[in-house]
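Please keep the sequence and the structure open beside them.

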Amino acid sequence: SSRGCPAEDMEKEWETLRAWKERMEQELDRVVAFWMEHSHDQEHGGFFTCLGRDGQVWMYCRLYRKFQRFRRSELLDSAKAGGEFLLRYARVAPPDKKCAFVLTQSGLPVKVQRTIFSECFYTMAMNELWRVTGEERYQNEAVEMMDQIIHWVREDSSGLGRPQLPGTPAAESMAVPMMLLNLVEQLGEADEELAGKYAELGDWCAQRILQHVQRDGQAVLENVSEDGKELSGCLGRHQNPGHALEAGWFLLRHALRKGNPELRAHVIEKFLLLSFHSGWDPEHGGLFYFQDADNLCPTQLEWDMKLWWPHSEAMIAFLMGYSDSGDPALLHLFYQVAEYTFRQVSTAGFELGILLSQPATGMTGVHHHNGLKFL
């Protein structure tokens, strides 16, 4: 609840929130209906989509588990078919754990990324499948893959297939500890054993993410040195406002789980407010895709584009921050981003639909019936 607000203001606030909740529910229903109609491969299993984030196995299982109106057999059956497709074909060269990023319709690997992210999404899918089916083989797969990911990140990354070239700067991208922290939250939900197993890892991830606050707390940088210092050149100056906001709500979940209000306040100040105010376009509205910490021209040609996903992350972050702190300023920033987003990007409501039930990452995308399946 908001602190110190008159009753009239509170009632008006709740009316506005209820209206947004209704709109998000309608958007979520539309998006799920789209996937159900267009993306299912009835012959081989899996899904025809241009997928981002976590994919449809995770999405269908999470919807089935969290929303009564989505507790439908066709969603669960499709998730199982997708999960079985992943089990049969996603791993490129079993018993190795590396997963393909793109597969043909029949399951032949097309592309492998030399990162941990395909494997992370595979882990999330398997864990959610276990939660809705109770089949231990899915959870065994999730935990085995999680342990492999931890090995790649903290012990030996050679299995990712990325050569260690002598001229490559030793840098840490914020994406790696962010994604691991998300997996810690996913696997530890209502599971005391795994929550305990990964407790130290969660603290390590949070500490690594916090190292990206640089320049005496005045900037969140995408890349830092392995010992948490600013890097020279354009790599070190690189900023991604949407990514910083996403890291913020991951950290807010961590702070809530740890019962740490000091961390919550620091995250709101640096990852939410600082990143948003530096990344928002004051002339046209919207969040810039990339920025340079010294206001030089970023090397990425698409730096000033306005993509849907940073705005979804901003809405999630500000709603989560408001829910936990009751600060109406965060709610008004949610309104600012939501009004811009639904005016400019009409399909951005999916992630918010899930959030309004409980905080969770999600996905959206544009349908391409091209016979390829993205993990």
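1. Is E200 buried, partly exposed or exposed? With a relative accessibility of 47%, E200 counts as partly exposed, and please bear in mind here and below that the model is a predicted one. Its salt-bridge partner is R154, with the closest N and O atoms 3.0 Å apart. Because E200 belongs to helix α8 (residues 199-210) and R154 to helix α5 (residues 136-154), the pair ties together parts that are 46 residues apart in sequence. R154, at 34% relative accessibility, is likewise counted as partly exposed.

2. A second bridge joins the side chains of E189 and R65, at 3.0 Å from N to O. Since E189 sits in the loop between α6 (175-188) and α7 (192-197) while R65 is part of helix α2 (residues 55-66), this pair ties together parts that lie 124 residues apart in sequence. E189 has a relative accessible area of 21% and is therefore partly exposed, the cut-off for a buried residue being under 20%. Both residues also belong to a network of salt bridges that links R62, R65, K66, E128 and E189.

3. E27 and R30 form a salt bridge as well, their closest N and O atoms being 2.9 Å apart. Here both partners lie within helix α1 (residues 7-38), separated by 3 residues, or about one turn of the helix. E27 has a relative accessible area of 9%, so this residue is buried. For the model as a whole, the count of salt bridges comes to 25.

4. In the largest nonpolar core, which has 92 residues, the members that touch the most others are F271, F318 and F334.

5. Some points of the backbone deserve a look of their own. The peptide bond from P94 to P95 is cis, with omega near 10 degrees, and P95 is placed in the loop between α3 (73-89) and β1 (102-104). A190, although not a glycine, has a positive phi of about 50 degrees; this residue is found in the loop between α6 and α7 and, at 84% relative accessibility, counts as exposed. N295, another residue other than glycine, has a positive phi near 60 degrees. N295 lies in the loop between β8 (291-292) and α12 (308-325) and is exposed, with 72% relative accessibility.

Methods: Residues are numbered from 1 along each chain as its sequence is written. This is a predicted model: local features need pLDDT of at least 70, side-chain atom pairs count only at pLDDT 80 or more; totals for chains, interfaces and linings use all residues. Side-chain values use heavy atoms; hydrogens and water are left out. A nonpolar core is a set of buried Ala, Val, Leu, Ile, Met, Phe, Trp, Tyr and Cys residues joined through side-chain atoms within 4.5 Å. Buried means under 20% relative accessible area, exposed over 50%, partly exposed in between (1.4 Å probe, protein chains only). A salt bridge is a side-chain nitrogen of Lys or Arg within 4 Å of a carboxyl oxygen of Asp or Glu. Helices (H or I, at least four residues) and strands (E, at least two) are DSSP runs, numbered from the N terminus.
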